[in-house]
Amino acid sequence: MDPSVSIGPAHWAYLAGVLVIIVTMAFRANVVVPSILATVVVAFAWSGSFITGIGSIFGASMVAAKELFNIFLIIALMTALLNALKDLGSDIRMVKPFRAVMKNGHIAYFILALVTYLISLFFWPTPAVPLVAAVLLPAAIAAGLPPIAGAMAIAIAGQGMALSSDYVIGVAPGISAKAAGGISAVAVGDKALLLSWVVGMIALFLSYFKVRKLIVPSDNALLERWELNPAGIDAQMEGAGPYDKAEIAKGTAHDGDLGTNSELEAELRKTQPLASASKLFAVVTPLAFLLVILVMVAPKFTSAVPELKGGDAAMLIGGVAALLMIWATTAARGFRKMLDGAADHITDGFVFAFKAMGSVLPIAGFFFIGSGETAGAILGIAPGTTPPSLLFELVQAGQHLIPDSQLLVSLGVLIMGMITGIDGSGFSGLPLTGTIAGALGPASGMDVSALAALGQMGAVWTGGGTLIAWSSLIAVAGFARVNVLELARALLIPVVLGLLAAVFTAVALWGG
């Protein structure tokens with residue numbers, strides 16, 4: 001212990017709170033209540049006041065809400081847009097053309113992965129999985145792809161690659177960056193994008209070599225047998241607990257099966273009077289977001305385009321989503337009904353956002369109490385007074401215990417992220433991994449944003465829906481009509497090997 005650093009009861013209370021939360025996650029239990037109680041104990045240990053301790057419950061979640069509300073807003077707007085496109089049938093039209101190129105199971109595997117990745121980048125995997133599973137997966141199965149292989153491609157590309165980088169919507173990088181001490185979310189996002197490709201490409205190709213011998217010649221009888229399989233999403237959710245993200249996925253799904261071309265056309269006929277608008281938005285929406293992506297990445301290659309700073313990227317994406325949603329709702333309902341329809345879509349978007357992310361607020365609030373940048377507001381410390389930086393001071397005091405190896409530190413942050421993902425959430429552990437990255441980065445000489453991205457990889461790939469059977473993987477398995485435990489076992493080795501490769505990549509590229 002470094003004698004120059006003063007460690008008091010609040011530091012020990014914070015450390016104990018972190019350990020309790022980690023253990024709770026390891027037992028796949030919800031950590032909201034432990035986070036709230038730990039916040040109270042830390043605030044009381046620091047101030048000696050019961051009033052400050054009790055008030056910290058509200059203060060911590062309020063600070064977290066202020067720091068993270070932009071995340072909730074962009075999720076709400078993107079979900080509102082997806083619902084508006086669903087009214088037009090444009091969501092189906094966006095992915096329908098890919099059915100035609102699924103000539104055999106080998107091509108179908110990679111088409112499923114590509115489309116799932118692209119849709120999930122913009123709308124998140126939870127709403128994307130029902131769409132891909134309804135429109136493309138049946139065609140892939142008829143082409144000879146086994147259902148388990150299709151489920152693996154969807155999980156790796158959506159729940160893994162797209163969600164772990166979350167490059168477009170920016171929820172995960174935003175949480176990681178805030179928790180790491182206010183570093184750039186863009187820097188975390190850029191590194192997470194590259195690492196997600198490393199993990200994803202390895203997992204996708206290893207999984208393909210694992211299942212390629214099971215691919216058979218195309219036959220419509222394969223689809224008929226698959227549709228008779230009882231292991232659907234309702235069966236998968238039995239015993240999964242009172243609430244699961246699979247419920248959200250069910251809520252964004254289309255009514256009825258869309259397996260055959262006739263079923264797909266029947267669904268589109270419901271919006272036949274709006275066919276022109278439906279086709280228009282099926283083209284305009286991806287083009288609009290492609291343009292946004294170009295604006296985001298162009299400054300990396302030319303100085304002619306100004307760089308988007310801070311929350312500018314999120315503002316641009318959210319603004320484009322809102323305008324497209326209003327336009328699409330007008331096309332579907334007319335101007336007068338649009339006024340109410342657009343408001344309903346936004347309300348539904350916020351309901352989705354808080355269902356998916358609401359529990360993160362009290363968890364993030366606890367970890368924010370350990371950061372010098374946010375602790376003051378939670379503890380009620382007067383402006384001008386230096387607030388404590390509990391985790392940083394703990395790391396300073398125990399710096400001699402930190403391994404003098406960037407590889408071991410990086411591997412440790414990854415494993416910490418994987419442990420937090422055991423609860424099946426994926427995002428609830430990001431405040432912890434981000435905070436630890438911010439503390440260990442300077443001590444180890446590793447780039448803080450790279451460590452935060454590594455922790456994000458571990459947490460999201462594990463709990464976001466590739467390794468844990470009680471995560472959103474239930475939705476993938478349910479729509480693919482395969483056993484979720486069998487799917488998790490099939491993904492284990494490819495994903496873990498990909499994550500280990502990400503550690504070596506991070507150290508090689510961003511080690512000091």
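**Reading helices and burial in a predicted model**

Modeller: Of the 512 residues of this protein, 57% count as buried, where buried means under 20% relative accessible area, exposed over 50% and partly exposed in between, with a 1.4 Å probe and protein chains only. This is a predicted model, in which local features need pLDDT of at least 70, side-chain atom pairs count only at pLDDT 80 or more, and totals for chains, interfaces and linings use all residues. Residues are numbered from 1 along each chain as its sequence is written, and side-chain values use heavy atoms, with hydrogens and water left out.

Biologist: How many helices and strands does the secondary structure have?

Modeller: Helices (H or I, at least four residues) and strands (E, at least two) are DSSP runs, numbered from the N terminus. Here there are 24 helices and 0 strands.

Biologist: How should I read a pair of packed helices?

Modeller: Two packed helices are described by the angle between their axes and the distance between the axes. Axes are lines fitted to C-alpha atoms, for helices over the stretch in contact, and angles run from 0 to 180 degrees between N-to-C directions. Take α20 (residues 406-420) and α24 (residues 484-510): their axes come within 9 Å and cross at roughly 140°. The two are therefore oblique to each other, since angles under 35 degrees count as roughly parallel, over 145 as roughly antiparallel, 65 to 115 as roughly perpendicular and the rest as oblique.

Biologist: Which residues make the contact?

Modeller: From α20 they include Leu407, Leu411 and Leu414, and from α24 they include Leu499, Val503 and Phe504.

Biologist: What separates the C-alpha atoms of Leu440 and Val409?

Modeller: Leu440, in helix α21 (residues 430-444), is buried at 17% relative accessible area. The C-alpha atoms of Leu440 and Val409 are separated by 7.6 Å, although the residues are 31 apart along the chain.

Note on methods. Contact = heavy atoms within 4.5 Å.
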